Amino acid sequence: MVHATAPRRLISNTSLLHHFSPSNLTRPFSTITHINNNNDNNALLDFFDQLLQQCTRLHHLKQLHARIIVSSSTSAFLLARLVSVYARFGRVFDAQNVFETAPVDCLWSSLLWNSVLRATVSTGRYQNALKLYVKMRQRGVLADGFTFPLVVRACKFTGGFSLCKIVHNHVLQVGLQNNVHVANELIGMYAKMGRMDESYKVFDKMPVRNFISWNTMVSGYALNYDCDSAIEVFQRMEFEGLEPNLVTWTSLLSSFARCGRLEETLELFGMMRMRGIEVTAEALAVVLSVCADLVSFDKGRRVIHGYVIKGGFENYLFVKNALVCVYGKRGDVKEAHDLFSEMEDKNIVSWNAMISSYAEAGLCDEALAVFSQLEKLDGDSMERPNVISWSAVIGAFASKGRGVESLYLFRRMQLAKVMANAVTIASILSVCAELAVLNIGREIHGHAIRASMKNNILVENGLLNMYMKCGCLEEGRLVFEGINNKDLISWNSKITGYGMNGLGENALATFDQMIEAGFKPDWVTFVAVLSACSHAGLVEEGRRLFDRMVREYRIEPRMEHYSCMVDLLGRAGLLQEASSIVKNMPMEPNACVWGALLNSCRMHKNTDVAERTASEFFSLTTERETETETTGSYMLLSNIYAASGRWEDSARVRISAKTKGLKKVAGQSWIEVKKKVHMFSSGNGLQLDLKEVYGILEELTSQIMKSEDCVHENDIV
DNA sequence: TGTGGGACTG
């Protein structure tokens, strides 16, 4: 038998159905006429329906569509089916077209509306779905228990909390709040909004619940990082005599993983095994993602890898993606890349996992290479870089100090019409802060307001940091005041900003306010206050704060703190005390610490201490230091000699640096003109009329000479 | 009409 599920009324004519089977849709017209002659409209509907369900090829579907229209058997029922089959093929526009060209008779009931709503929502066109719903109401069509889950879902993705409330009220007016599907969607909607209190209210009032109601509650708490409530729901479910199903277990698993309770995730996974719960690919993916962050990774990896093979999940795309991610996060980019290359089917997540792996390892160029490969994929592949791909490469360059390239990528992203999200904006803001490009920073601020991201803490902290680093303290202060839920990073950024701009007193006052507000300072806070003290020359305060950090807050001083203290004391001319810190600190001083000491020697023209410091530093320097930092110290020493007129020594140091193969990296600078950042370095001119530039420079120099008693600060070459 | 929950990426 070819068609075990043949329509009831046509069973007698199975050979006829065979002619119509989608793979054999060659001569259907005569047979359609044949059925029409039988005058059995219901049979025809059933028949078409059957064909629609079996359609596997788009051109068959189009042929069927045409025949349904000409055969005058159009009904809301059949059109709704057409819409949903088009949607299954991913042909939203065709689906919409069916709806828009439907006879008026078909629009009285909710049937066709619901199907087109479903097609719209399932392709992520939530705004359109809401517009469609408004149209439906204007036509006076009554929404039912199928309409509302879709409308609520659309709200969940588009709306703010107030829209969600309105729709909820609307549900209450219509009286559909006891419909289990509607209530389940409401729970999910509030969970997405971060309002589990509202979710719980809906859940609590439900007269009948199904598994989905319980599972949505568990995953809702998981989504909102409330592991304990998730367990509570799970236990209550068991208490009420319901056996948690696979989805419940997986949700609980992901709730542990999300909260960073890694060991417990593995324990729970073990418990699932003991209770005989089937291991699914989804559960394995969660466990794999946990493995990436686990210290005892290698032990766990082998076990999990065993499960992957035993369960035959090797070819599950998302399990493979999780594996790529695991290796990437462990810094094993080679293994990640091997896995990635072997994958026959890659989706956007696979690409992003690979790009992120390189980005996390700091390999921007490799990340960009994979990204470009993704961009160049030919037309029949559906994969295009999405916001995550863009954010990953932009962030990679941003965090490697290659801000100009990062900005360039951001402009390309805008041209590609990919909407930036909070992660992208935060990366770009950090670039603006680092390069102090205020105009671009302001533009991004506007962008954030338009995209209603200004209540996102990531973006708010980014803006605060950007304004402070650009020296716009008042605007920074305003952003800070506007943050509703200030976190430690907000406070640290404000303190750092004041410190950098020489406002030591403000930094210290902010520190006190922070304590007052009940925040516990961390090591970053102390780097901020200590460096604020050193920039403002607040020696005593600095000493006291260092002491408080150790005694009161039990924070172990890091390299950065020692570096600040050396700078603080050195700048104040207390060179002996500074060098004794360098001598006595519990770890080996790095180039920053030595540099701070050398710089203080330069400021106070103390060649003796400088020589001792430098010789000690150079003797300790091995390959562990990066070349740039070591080179910097050579140049510093050379300049110190030059400052005290010891030109021969100065030259000697430079030559010795050269013979060691250390090359000074040319200093680079940049300028922001018309929201574009131009980079240049010495010897590598801008594409401008240089004569004119030098003319202006000379003019400026002579004006400066005239206006002040020129202070001869020696430049660091 | 046949509605839903769980996974991997920044």
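**Figure 1. Packing of helix α13 against helix α14 in the predicted model.** Helix α13 (residues 211–223) packs against α14 at an angle of about 160 degrees, and their axes lie 8 Å apart. Axes are lines fitted to C-alpha atoms, for helices over the stretch in contact, and angles run from 0 to 180 degrees between N-to-C directions. Helices (H or I, at least four residues) are DSSP runs numbered from the N terminus. The angle makes α13 roughly antiparallel to α14, a term for angles over 145 degrees. The crossing of α13 and α14 is left-handed, which applies if the near helix is turned anticlockwise from the far one by less than a right angle. Trp214, Met217, Val218, Tyr221 and Ala222 in α13 meet Ser229, Ala230, Val233, Phe234 and Met237 in α14; residues are in contact if their C-beta atoms, placed from the backbone, lie within 7 Å. This contact comprises 9 nonpolar residues, 1 polar residue and no charged residues. Ala, Val, Leu, Ile, Met, Phe, Trp, Tyr, Cys and Pro count as nonpolar, Asp, Glu, Lys and Arg as charged, and the others, Gly among them, as polar.

Residues are numbered from 1 along each chain as its sequence is written, while chains are lettered from A and ligands numbered from 1 in the order in which they are written. In this predicted model, local features need pLDDT of at least 70 and side-chain atom pairs count only at pLDDT 80 or more, whereas totals for chains, interfaces and linings use all residues.

**Figure 2. Packing of helix α14 against helix α15.** The axes of α14 (residues 227–239) and α15 (residues 246–258) come within 9 Å and cross at roughly 160 degrees. The two helices are therefore roughly antiparallel to each other, and their crossing is left-handed. From α14, Cys227, Ala230, Ile231, Phe234 and Met237 meet Thr248, Leu252, Ser255 and Phe256 of α15. The contact has 7 nonpolar, 2 polar and no charged residues.

**Figure 3. The surface near DNA strand B.** DNA strand B is surrounded by 47 residues, of which the closest are Val247, Phe318, Val349, Asn352 and Ser356. A residue is near the strand if its C-beta atom, placed from the backbone, lies within 6 Å of it. Helix α21 (residues 348–360) gives the most to this surface, with 6 residues. By class, the surface has 22 nonpolar, 23 polar and 2 charged residues.

**Figure 4. The contact between domain 1 and domain 2 of chain A.** The domain assignment gives domain 1 (486–537) and domain 2 (557–688); such bounds come from an automatic or database domain assignment. Domain 1 supplies 8 residues to the contact and domain 2 supplies 9 residues. The side of domain 1 that touches domain 2 has 5 nonpolar, 3 polar and no charged residues.

Definitions and conventions:
Parallel < 35°, antiparallel > 145°, perpendicular 65-115°, else oblique. Contact = placed C-beta atoms within 7 Å.
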